[in-house]
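Hi,

Here is the structure for your set-up work.

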Amino acid sequence: MRGLVREWRLHVLSVCSLIVAFACLGAALLAVVNLGALQQRWAHAGRASVYLKDNANERDVQALHDALLLVPHIVGVRYVSSTEARTEFGQREVEMHGDLAGLPVDAFPASLEIDVAQDLSDAELGDIVHKMRELPSVDDVETYRSWTDRLAKLLSGGVVAAVVLTVVVLGAVLAVVGSTMRLALQRRRIEVEVLKFVGATDAFVRKPFVLEGTVEGAAGALGAVILLASLFFLIRGRVEPEVAGLVGMAPSFLPWPVACGLIAFGAVLGALAALLSVRQLGSP
Amino acid sequence: MPPMEPPERFRPMLRAGGSRFSRDAAARPILVFEGVHKSYGHGLPVLRGMDLVIERGEFVFVTGPSGAGKSTLLRLLYRAELVDDGRILFLGRDVARLRDDAVPFLRRNLGIVFQDFKLVTSWTVYENIAIVLEVIGLPQRLVRTRVAEVLERVGLAGRGEDRAGVLSGGEQQRVAIARAIVGEPALILADEPTGNLDPQLAVDILGLFGEIHETGATVLFATHDRTLLDVRPRRVVVLDGGRAMDVPEGVADEYDNRLPL
């Protein structure tokens, strides 16, 4: 660790570069984690909205309500009249200062809000929806699948971005740590020469450099996690109510295993980069 | 180029057959050069079929004019160079045939002192010496004890915490000598160790080598400084024309005017 302490300026510069690289990767992982949670949330939302036709009479609606309660996996049915729907929407719009608060009641159809069991498969829900659409008093059924499909596509895109960024970070770490180690090796060539004259094996000579690379990589990743966390919690306080209202859940930071995994990844990359850089020590 | 020997580590041949210590093996010369040839890119050979035998416990001056091959001879011994032909037997093992990964273990049996000291000036005196023992994995408690002992032997007791870069030339060479002997090597090689020192210091350093030799160490001292050869009668080997001319006591007259004062 003598070299790490004596050349701390060199290593601090390298760590700063690595923080930037790992922050990009961390941001992509953050997006993937939240998109994944959102997809999970909506995929198992356990909701469906059965929109009723304007001419559906009260008796038909009650019969449909009772029939749905008897369907397996449907745990609750709630009737929402046009007026109630308009009222709920208007209250939200007023709170959010939306421009749609002045829409008339006619724009909001009555509906039956259905709660389905979590273990209901997509195929079974699709079958129920298909049968309900054939009922005379039903205008349309919304299962919010399109939202989850869009989220799944976003998530796939996020995963691809994360993979690409991982490759970029790999290259960045190899380049930065590799250059730092080669520079350190050059500046400490007398030390290396002496070590070889007194009988140190190549592994003994390489060990401090590999250790320094490991510390650099881990420090870069840790710095990125701290930077991301600081920005995340700073921004979250300002946007959390809006985001939660929009998508139904609050954003969350990287889980502990992911954050620790990122730091471990940084350490391993740093060690690898250092090992590759000093593998040819030559002989005096 | 001679073929490489399989063993991974350099193991001195102190045992001749079986696992019992052999007195015959221990009585063999510590160093033997047999028909050693070495030339560099320009084609002119530096060493031409050189033969030389060094017995255990000897103090041998290796001298000759510039370019005679004194440093080359030592570099071949600690495998900084490879022979073109011939054998160099150190403790019974042919150095030239060692694999590259066995060279560190060869060097742990040697103590090398250079003209330019080769100290890490940013390290302390202690660190420069202790590294020899840390490389072989001795515990720190033992390292501290041994380093203190050798510092006292070379006249630098209590200077362990000084940075090597602030020492004088003579003091730095003493640190280099301490580093060379702390591991209690079988053979000490000195490649012009007084070349960068003034004459009085050179004599002092030679005296230090003499004290080390009196403890039983074998010393191979390469120098072109004629005056050192006269300080005390020692065996002298003169390198001339790529060959070694053994002059058991002092320098022969025929070589007297070819060596600088």
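Predicted model: local features only at pLDDT ≥ 70, side-chain atom pairs only at ≥ 80, totals over all residues.

**Domains of chain B**

Chain B splits into domain 1 (1-109 + 186-247) and domain 2 (116-184).

How many residues does each domain give to the contact between them? Domain 1 of chain B supplies 10 residues, and domain 2 of chain B supplies 11. On the domain 1 side, helix H7 (residues 199-214) of chain B gives the largest share, with five residues. By residue type, that side of domain 1 has seven nonpolar, one polar and two charged residues.

**Contact with chain A**

Chain A also touches chain B. This contact takes 14 residues from chain A and 12 residues from chain B. Which elements of chain B give two or more residues to it? They are helix H3 (103-107) and helix H4 (125-135). The chain B side is made up of eight nonpolar, three charged and one polar residue.

**Chain B overall**

Chain B has 261 residues, and 41% of them count as buried. Its secondary structure comprises nine helices and 10 strands. Now take the contacts in chain B with a separation of 6 or more: 70% of them are between residues 24 or more positions apart.

Best regards

Notes: Residues numbered from 1 in each chain as written. Chains lettered and ligands numbered in written order. Helix = DSSP H or I, 4+ residues; strand = E, 2+ residues; numbered from the N terminus. Buried ≥ 20, exposed ≤ 12 C-beta atoms within 10 Å, placed from the backbone. Contact = placed C-beta atoms within 7 Å. Nonpolar A, V, L, I, M, F, W, Y, C, P; charged D, E, K, R; others polar. Domains from an automatic or database assignment.
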